[in-house]
Amino acid sequence: MPAANLTKILKPQNDAWVLRLYVAGQTPKSVTAFANLKRICAEHLADKYRIELIDLLENPQLARGDQIVAIPTLVRNLPVPIKKIIGDLSNTERVLVGLDLRPAAAAKR
Amino acid sequence: MKKLLNTSSNVSPLRAPNNGKYRSISLPKTPTGIRGLDEITFGGLPKGRPTLICGSAGCGKTLLSVEFLVHGATKYDEPGVFMAFEETEEDLRKNVASLGYDLKDLCDRKKLVIDHIHIERSEIEETGEYDLEGLFVRLGYAIDSIVAKRVVLDTIESIFAGLPNPSILRAELRRLFRWLKDKGVTAIVTGERGDGTLTRQGLEEYVSDCVILLDHRTREQISTRRLQIIKYRGSTHGTNEYPFLIDEHGISVLPITSIALEHKASSERISSGVTRLDTMLGGKGYYRGTSILVSGIAGTGKSSLAAHFVDAACRRGEPCIYFATEESPDLIVRNMRSIGIDLGPWVKKGLLRFDATRPTFHGLEMHLLRMHKLVRETNARVVVVDPITSYISLGDTLEVKSMLSRLIDFFKAHQITAFFTSLTEGGSALEQSEVGISSLMDTWILLRHIESNGERNRGIWVLKSRGMAHSNQIREFVFTDHGIELVDVYLGSAGVLTGTARAAQEAQEKAEALLRRQDLQRKQRNLAHRKEALEAKIAALRAEFETEKEELEKDIIEQEHHEGVLEQDRAAMAKSRKADASSNNRPNGQKGE
């Protein structure tokens with residue numbers, strides 16, 4: 001997927017984690033999800049991540065590639081395997097489970 | 001294909017006056033292009049609205065949806081979007097390739113978009129509120145990219161398995177259907193059938209405009225697919241279960257019973273192929289477009305009569321179909337050749353088409369459908385079903401009767417003359433035709449063995465024939481090397497004489513006639529003799545009379561002469577005696593005294 005199609009690319013310095021957040025316009029759910037994601041990443045991934053925010057209203061053709069049905073959907077492209085997390089990410093525990101960060105979080109503790 | 005549709009719409013029961021009025025105000029519809037379905041929905045699916053197609057696994061939902069899109073793209077210039085929730089694009093393409101649909105080509109020509117939606121539950125974690133905007137976006141994008149008019153969501157319910165939180169999904173689906181309506185696309189939504197409900201997730205609550213149920217059931221090891229329109233808001237529709245067929249040409253639905261009996265009655269007569277049988281049938285044969293039943297026990301010549309009929313039709317150049325349920329076409333052709341009817345050339349010419357299928361090969365409905373299809377393909381004017389009784393094993397009497405009545409309906413509606421043979425069980429009453437189908441028939445001919453004098457002979461009579469003055473005679477017929485021939489009727493003291501008795505009677509009558517003729521000749525000769533004799537006598541008498549007459553005349557003349565002489569003498573004497581004149585007046589006779 002060419003980078004030009006991405007609406008926003010945050011913290012591109014480290015590719016250990018590539019997270020794509022699919023939204024459709026600036027809906028409250030999208031805004032909440034984005035805020036939650038930034039918070040969780042900052043808390044748990046330090047600098048090792050990159051967030052790509054994709055607005056499907058602007059790039060509807062991108063929905064097909066990652067099999068997006070629900071909005072918002074967070075896709076963990078890297079590290080493999082691909083994981084999908086849907087919803088506004090307000091349940092931090094489940095986001096961590098979904099991102100396979102639970103063990104990491106436990107280790108940190 | 002279009003032509004087929006047109007002909008089928010002629011049959012549609014909508015011609016009934018009350019319905020005709022209804023139609024004019026009914027919804028705009030989108031034709032599916034599926035044979036039969038457009039008939040029973042009176043035009044197709046509701047335009048710009050979603051239709052739910054539900055049914056259990058393997059009943060043909062996906063295929064029907066694909067056909068809807070393919071026909072839309074190819075025939076009606078309405079591009080379509082296929083959202084596949086279950087199959088991948090590749091699978092789908094392969095599955096319908098066997099029906100001759102090239103989805104890839106349609107996709108390349110921007111007539112079709114296939115979007116496979118894959119939701120893997122194990123990959124998905126729910127972390128809060130979400131909606132299905134992603135689906136909307138994908139669908140919207142696909143629709144806009146080719147300006148689609150048709151959409152299929154197959155099977156949308158599977159998102160319930162892929163995504164958590166059903167309550168959100170329900171709300172979203174409701175929104176989706178509303179959104180589809182707003183988009184103005186005609187949509188098909190498919191759903192798996194649930195326990196006691198039409199769909200597992202109760203989709204029928206959301207899709208309220210049109211619901212079609214597909215069913216696939218097996219009875220006595222014979223499977224039949226059926227389609228039923230559960231609901232069609234704002235439109236009349238056929239409510240029955242209609243069988244449908246999936247074959248190499250896709251789906252065809254069979255709208256069987258037309259509601260009204262409104263067949264046109266032709267007054268055209270066509271020959272039965274047997275001249276003297278035509279004579280029995282009011283002198284001209286069957287009416288075109290009627291149904292004819294010939295019943296009899298085994299070996300009475302039913303098939304031969306059928307072959308005659310077909311042969312006659314082919315001679316007139318009319319396409320025929322011969323549905324053989326017990327014999328192979330080759331066997332029939334060979335057997336008929338033995339009585340001088342050669343059907344082979346007609347088959348070669350393409351006028352006659354045999355269709356030999358074991359009755360148990362399909363269910364009743366499938367047979368019916370096959371017949372429909374074949375008849376439409378060949379434009380047949382004459383159809384033979386030989387024997388119709390083979391179908392009885394396939395269902396109960398009611399089913400068989402309803403199938404037959406639908407079949408007959410169909411034939412009549414298309415002005416096809418149908419010839420059925422019915423095998424009667426030995427021992428049962430001949431008049432008892434197996435499934436009570438005789439009442440559906442216009443002409444009923446019975447063939448039977450007549451047993452007498454230690455031999456069996458074949459008898460034929462017309463039990464009924466609507467609309468014509470048919471013969472009430474029982475006629476004997478024989479097989480000759482040029483087909484069936486009805487022979488003359490001989491009545492003996494014990495009724496109609498048949499076989500050798502007839503032959504004996506024939507000979508006897510011949511002998512009697514000869515005798516009578518000889519007697520007559522003898523009498524005539526006698527008369528002539530007598531006349532001659534009489535004339536000879538008359539001549540003799542006349543000759544005798546002539547001679548007598550001559551003599552008498554001679555006498556008379558002599559006498560007159562003598563008398564004259566005497567008178568002169570007397571006068572001379574009187575003169576000499578000077579007698580007075582008065583004595584001259586005395587008669588001659590007294591002269592001598």
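Q: Which residues are buried in helix 4 of chain B?
A: This is a predicted model. A residue counts as buried if 20 or more other C-beta atoms lie within 10 Å of its own. In helix 4 of chain B, that holds for B:Lys61, B:Thr62, B:Leu64, B:Ser65, B:Val66, B:Glu67, B:Phe68, B:Leu69, B:Val70, B:His71, B:Gly72 and B:Ala73.

Q: Why is helix 4 of chain B described as largely enclosed by the rest of the structure?
A: Helix 4 of chain B spans residues 61-74. The helix is largely enclosed because the buried residues number twelve of the 14.

Q: What distance does helix 4 of chain B reach from its first C-alpha to its last?
A: The helix has 14 residues. At 1.5 Å a residue, 20 Å is expected. The model comes close to that, with a reach of 20 Å.

Q: Are helix 14 and helix 15 of chain B roughly parallel or roughly antiparallel?
A: Helix 14 covers residues 364-378 of chain B, and helix 15 covers residues 397-413. Their axes lie 10 Å apart, at an angle of about 10°. Angles under 35 degrees count as roughly parallel. Helix 14 of chain B is therefore, relative to helix 15 of chain B, roughly parallel.

Q: Which residues of helix 15 of chain B make the contact with helix 14 of chain B?
A: Helix 14 of chain B brings B:Leu364, B:Leu368, B:Met371 and B:His372. The residues of this contact divide into seven nonpolar, one polar and two charged. From helix 15 of chain B come B:Glu399, B:Val400, B:Met403, B:Arg406, B:Leu407 and B:Phe410.

Q: What pattern does chain A follow along the sequence?
A: Chain A has four helices and five strands. Of its 109 residues, 41% count as buried. Read along the sequence, the pattern is β-β-α-β-α-β-β-α-α.

Q: How many residues of chain B are in contact with chain A?
A: Chain A puts 30 residues into this contact. They divide into 17 nonpolar, seven polar and six charged. Elements giving two or more residues to this side of chain A are helix 2 (62-65), strand 5 (83-86) and helix 3 (92-98). On the chain B side, the number of residues in contact is 23.

Q: Which residue in strand 6 of chain B is the bridge partner of A:Ile86?
A: Strand 5 of chain A and strand 6 (residues 124-126) of chain B run parallel. Three bridges join them. In strand 6 of chain B, A:Ile86 has as its bridge partner B:Glu126.

How values were computed. Residues are numbered from 1 along each chain as its sequence is written. Chains are lettered from A and ligands numbered from 1 in the order in which they are written. This is a predicted model: local features need pLDDT of at least 70, side-chain atom pairs count only at pLDDT 80 or more; totals for chains, interfaces and linings use all residues. Axes are lines fitted to C-alpha atoms, for helices over the stretch in contact, and angles run from 0 to 180 degrees between N-to-C directions. Angles under 35 degrees count as roughly parallel, over 145 as roughly antiparallel, 65 to 115 as roughly perpendicular and the rest as oblique. Two residues are in contact if their C-beta atoms, placed from the backbone, lie within 7 Å. Ala, Val, Leu, Ile, Met, Phe, Trp, Tyr, Cys and Pro count as nonpolar, Asp, Glu, Lys and Arg as charged, and the others, Gly among them, as polar. The expected span of a helix is 1.5 Å times one less than its number of residues. Two strands pair if DSSP finds at least two bridges between them.
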